[in-house]
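Hello,

Here is the structure I promised to pass on to you. Have a look at it first, and then read my notes below.

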Amino acid sequence: MIGKIATGEIEDERDEKLSSAAAELGRKGGKARAESMTPERRAEIARKAAEKRWSKDHG
């Protein structure tokens, strides 16, 4: 079965279910984390993320 999945003969359906469940848990955790933070702390994190994103070296 692993060989067939690797060659693309069949799809591995387990991965989709696991990843969607993990994504859902991640969204819940992120929301809870944001609600527990002060607006100032959220702004600080957003500012750092924006600086990192728009920096020349992205690293």
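**Notes on the structure**

Arg41 counts as partly exposed, because its relative accessibility is 37%. Please keep in mind as you read that this is a predicted model.

Side chains of opposite charge can pair when their charged atoms come close. Both Arg41 and Glu44 sit in helix H3, which covers residues 39-54. They are 3 residues apart there, about one turn of the helix. Glu44 also counts as partly exposed, because its relative accessibility is 37%. How many salt bridges does the structure hold? The count is 1.

Now for the wider picture. The protein has 3 helices and 0 strands, and its elements run α-α-α from the N terminus on. Of its 59 residues, 3% count as buried. The accessible surface of the protein comes to about 5600 Å², and carbon and sulfur atoms account for 57% of that surface.

One more residue to look up is Lys4, which lies in helix H1, residues 2-7. Is Lys4 buried or partly exposed? Its relative accessibility is 41%, so Lys4 counts as partly exposed. Which residues does Lys4 touch, once its neighbours within four places in sequence are left aside? Lys4 is then in contact with Glu9 and Ile10.

Conventions. Residues numbered from 1 in each chain as written. Predicted model: local features only at pLDDT ≥ 70, side-chain atom pairs only at ≥ 80, totals over all residues. Heavy atoms only, no water. Helix = DSSP H or I, 4+ residues; strand = E, 2+ residues; numbered from the N terminus. Buried < 20%, exposed > 50% of the residue type's maximum accessible area, 1.4 Å probe, protein only. Areas by Shrake-Rupley, 256 points an atom, 1.4 Å probe, with all protein chains shown as cover. Contact = heavy atoms within 4.5 Å. Salt bridge = Lys/Arg side-chain N within 4 Å of Asp/Glu carboxyl O.
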